Amino acid sequence: MNIRITHIDIYTEQEIIRDGSILLSDGVIASVCRTSEETADAETVIDGRGLAAVPGYIDVHCHGGGGYDCNQGTKEAVVKMRTFYGRHGVTTLYPTLAADLLPALEQGLQAIRSVMRENQAGETEIAGCHLEGPFLNKVYKGSQSEDAILPMTDDHLRFYETYSDVIRRTTIAPEVGHNLDYFPALQAMSIQLSVGHSCAEYSEVLAAIEAGATSVTHLYNAMSQTKKTGPFRIGGVVEAALTQDALYAEIICDGYHLPNELIQIAYRCKGADRLSVCSDAGRAAGVVTHGDTIHSCGETYVVENGVVMNSARTSLASSITPIDGMVRHLIFNVGLQATDVVRMTSGTTAKMMGIFDRKGSIAVGKDADINLVDARFNVVKTFCKGVEVNRE
């Protein structure tokens with residue numbers, strides 16, 4: 001089926017095409033031009049006056065939403081997540097498993113694998129799993145279960161091998177045990193390596209980069225910063241993330257995890273080409289309000305003031321804000337350029353995950369994953385591989 005969207009502002013990697021036209025054909029983008037230059041026929045024509053077309057959002061770190069999360073270990077949970085985020089403009093999703101007992105993680109990976117095999121047009125694509133633990137540092141466990149956190153071993157490497165078709169990203173603390181020794185083997189499985197929940201010193205992060213790490217998980221959250229040893233100061237993961245061009249920095253921009261000034265510092269240090277916005281949302285997104293409690297991985301959490309915390313209120317657990325809400329926060333509250341924000345929620349993440357050849361920008365030949373947004377960047381329509389997502 002061919003769909004032509006006309007009279008629309010188009011956010012491409014290079015420019016904003018005013019009064020533009022996009023032709024979607026057989027699941028890919030067939031042409032991008034000005035409306036006056038479009039000559040191809042289409043079965044359906046959508047007049048996009050007053051709207052803009054941006055690439056579909058890519059969320060590489062998302063635990064749950066709509067009342068479900070990955071650690072439930074059911075296919076239904078993954079499908080419900082996919083449906084919920086499709087309505088918020090996410091066209092590519094990496095369901096994220098928090099630290100848990102290995103049998104529970106296996107169950108979650110099997111559920112994600114099952115849904116991956118059934119990806120189809122008109123639905124958010126499940127592109128693989130982000131395994132956030134259990135190979136973390138207990139000192140910076142955040143809200144994750146300490147009992148589930150482990151050091152890497154040969155047996156755990158075989159665990160990765162078993163699910164190497166599903167695990168596309170893993171968060172790991174390089175300074176723990178022999179974790180760093182396994183980086184090259186994990187990278188050889190085409191798993192994107194991210195430093196997170198880590199006490200690593202600056203030099204240890206450099207060693208992780210040398211071994212294959214290419215990002216940090218939720219910048220500023222659950223990671224080491226500058227410390228003083230005697231009269232000297234030593235940088236940590238935060239400083240490495242901000243200064244090392246080899247690292248992408250994943251960042252949560254819900255207005256609660258980070259104050260605007262820290263987002264601005266990251267933006268000035270890294271730029272839009274190295275900052276990847278993620279939701280880090282949990283099952284409470286979209287269904288839970290202030291004062292409600294939720295249960296996950298054997299832990300109890302509470303929702304207060306727009307964010308999820310552990311029951312002791314000493315650590316943030318997850319956001320309840322999908323990426324479309326973060327886009328609005330970054331543009332209208334933080335004051336970033338809309339063109340840069342669009343890149344940070346699509347193209348930069350696609351490059352980090354090695355899928356930019358088919359995702360992350362509005363360009364001829366790429367998957368027709370597109371959001372139509374209004375002047376306030378509310379998502380009006382979403383297309384996944386050229387088929388409109390059911391928003392009801």
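**Figure 1. Ile251 sits in strand β17, residues 248-252.** Strands are DSSP runs of E with at least two residues, helices are runs of H or I with at least four, and both are numbered from the N terminus. This is a predicted model, in which local features need pLDDT of at least 70, side-chain atom pairs count only at pLDDT 80 or more, and totals for chains, interfaces and linings use all residues. Residues are numbered from 1 along each chain as its sequence is written, and side-chain values use heavy atoms, with hydrogens and water left out. Ile251 is buried, at a relative accessible area of 0%. Buried means under 20% relative accessible area, exposed over 50%, and partly exposed in between, with a 1.4 Å probe and protein chains only. Contact means heavy atoms within 4.5 Å. Not counting residues up to four places away in sequence, Ile251 touches Leu219, Leu258, Ile263, Ala266, Leu275, Ser276, Val277 and Cys278. Its C-alpha atom is separated by 8.3 Å from that of Ser279, 28 residues apart along the chain.

**Figure 2. The largest nonpolar core has 89 residues.** A nonpolar core is a set of buried Ala, Val, Leu, Ile, Met, Phe, Trp, Tyr and Cys residues joined through side-chain atoms within 4.5 Å. Tyr160, Val216, Leu219, Ile251, Leu330 and Phe377 have the most contacts inside the largest core. A second, separate core has 16 residues, including Ile5, Ile22, Leu24 and Leu372. In soluble globular proteins, nonpolar side chains tend to be buried together.

**Figure 3. Helix α8 spans residues 323-334 and is mostly covered.** Nine of its twelve residues are buried. They are Ile323, Asp324, Gly325, Met326, Val327, His329, Leu330, Ile331 and Val334. Gly335 follows α8, and its phi is positive, near 90°.

**Figure 4. The largest pocket holds about 420 Å³ of space.** A pocket is found on a 1 Å grid over the protein atoms alone, as an open set of points where a 1.4 Å probe fits, with protein on both sides within 12 Å along at least five of seven lines; lining residues have an atom within 4 Å of a point. Grid points are joined across faces, edges and corners, and the volume is the space filled by probe spheres set on the points. The lining has 29 residues, and Ser143, Gln144, Leu316, Ala317 and Ser318 are the closest to the centre. Strands β19 (293-296) and β22 (316-319) each give two or more residues to the lining. β22 gives the most, with three. By type, the lining divides into nine nonpolar, 15 polar and five charged residues. Here Ala, Val, Leu, Ile, Met, Phe, Trp, Tyr, Cys and Pro count as nonpolar, Asp, Glu, Lys and Arg as charged, and the others, Gly among them, as polar.

**Figure 5. His61 lies in strand β6, residues 57-62.** His61 is buried, with a relative accessible area of 0%. Its side chain makes a polar contact with the side chain of Glu132, at 3.1 Å. A polar contact is a pair of N or O atoms within 3.5 Å; within protein, one must be able to donate a hydrogen and the other to accept it, and residues adjacent in sequence count only if both atoms are side-chain atoms. Beyond four places in sequence, His61 is in contact with residues including Tyr94, His130, Arg169, His218, Glu250 and Asp280.

**Figure 6. Asp369 is in the loop between α10 (347-352) and β23 (370-373).** Asp369 is buried, with a relative accessible area of 7%. Its side chain joins that of Lys359 in a polar contact of 2.7 Å. The Asp369 side chain also reaches the backbone nitrogen of Lys385 at 2.8 Å.

**Figure 7. A cis peptide bond joins Gly133 and Pro134.** Omega is about 15°. Most peptide bonds are trans. Pro134 is in the loop between β11 (129-132) and α3 (154-162), and is buried, at 0% relative accessible area. The C-alpha atoms of Pro134 and Asp100 are separated by 6.6 Å, although 34 residues apart along the chain.

**Figure 8. His218 is in the loop between β14 (213-216) and β15 (227-229).** Tyr220 is in the loop between β14 and β15. His218 has a positive phi of about 30°, and Tyr220 has one of about 80°. Most residues other than glycine have a negative phi. His218 is buried at 4% relative accessible area, and Tyr220 is buried at 11%.
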